[in-house]
Amino acid sequence: MIPELNGSNKVVGAKQVRRALRDGRAARLYIAMDADPRLLQPLVQEAVNRQVPIQQVSSMKELGESCGIAVGAAVAVLLRF
């Protein structure tokens with residue numbers, strides 16, 4: 001479990017993550033290692049370009065549970081306050 005993702009200051013899913021990265025609201029990007037690389041690659045590149053730290057999570061299941069959702073998650077972002 002990732003304690004930082006328990007609160008409400010996060011977004012989950014590729015569309016919301018992409019928007020948060022582009023808007024400059026992302027503090028940290030979390031990516032699941034078993035997610036589709038074609039989905040992850042553009043988001044990781046955006047995070048690198050914007051100097052947002054990236055943290056790898058072992059599985060989509062673990063990331064989903066950490067975010068408090070019943071399904072797996074490929075990506076999530078912790079938002080800036």
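Contact here means heavy atoms within 4.5 Å. Helices (H or I, at least four residues) and strands (E, at least two) are DSSP runs, numbered from the N terminus. The model is predicted, so local features need pLDDT of at least 70 and side-chain atom pairs count only at pLDDT 80 or more, while totals for chains, interfaces and linings use all residues. Residues are numbered from 1 along each chain as its sequence is written, and side-chain values use heavy atoms, with hydrogens and water left out.

**Exercise 1. The length of α2**

Work out what span helix α2 (residues 37-49) should have, and compare that with the model.

*Solution.* 
- Start with the rule: the expected span is 1.5 Å times one less than the number of residues.
- For the 13 residues of α2, that gives 18 Å.
- Now check the ends: the end C-alpha atoms of α2 are 18 Å apart, which agrees.

**Exercise 2. Either end of α2**

Look at the start of α2 and find what a side-chain oxygen of D36 reaches; then look at what follows α2.

*Solution.* 
- At the start, a side-chain oxygen of D36 comes within 2.9 Å of the backbone nitrogen of R38.
- D36 also forms a salt bridge with R38, with the closest N and O atoms 3.0 Å apart. A salt bridge is a side-chain nitrogen of Lys or Arg within 4 Å of a carboxyl oxygen of Asp or Glu.
- After α2 comes Q51, which has a positive phi, near 60°.

**Exercise 3. Salt bridges**

How many salt bridges does the whole structure hold? Take the R50 and E46 pair and the E65 and K61 pair, and describe the surroundings of each partner.

*Solution.* 
- A search of the whole structure turns up four.
- R50 and E46 meet at 2.6 Å, N to O. R50 is partly exposed, at 40%, whereas E46 counts as buried, at 18%.
- E65 and K61 meet at 3.9 Å, N to O. They are four residues apart in helix α3 (residues 60-66), which means about one helical turn separates them.
- E65 is partly exposed at 40% relative accessibility, and K61 is exposed at 57%.

**Exercise 4. Strand β2 and its partners**

Which strands pair with β2, and in which sense?

*Solution.* 
- Two strands pair if DSSP finds at least two bridges between them.
- With β4, β2 pairs in the antiparallel sense over five bridges; I31 stands opposite V75 there.
- With β3, β2 runs parallel, and four bridges join the two. Here L29 stands opposite I54.
- As for burial, five of the seven residues of β2 are buried.

**Exercise 5. Buried residues and what they touch**

Trace the contacts of I2, S66 and A35, leaving out neighbours up to four places away in sequence.

*Solution.* 
- I2 lies in the segment before β1 (10-12) and is buried at 6%. Its contacts are Y30, V57, L63 and S66.
- I2 and C67 are 65 residues apart in sequence, yet 8.1 Å apart in space, C-alpha to C-alpha.
- S66 sits in helix α3 and is buried at 1%. S66 touches M1, I2, L5 and N6.
- A35 belongs to the loop between β2 and α2 and is buried at 7%. A35 touches L40, M60 and A74.
- A35 and R19 are 16 residues apart along the chain, and their C-alpha atoms are separated by 19 Å.

Notes
A polar contact is a pair of N or O atoms within 3.5 Å; within protein, one must be able to donate a hydrogen and the other to accept it, and residues adjacent in sequence count only if both atoms are side-chain atoms. Buried means under 20% relative accessible area, exposed over 50%, partly exposed in between (1.4 Å probe, protein chains only).
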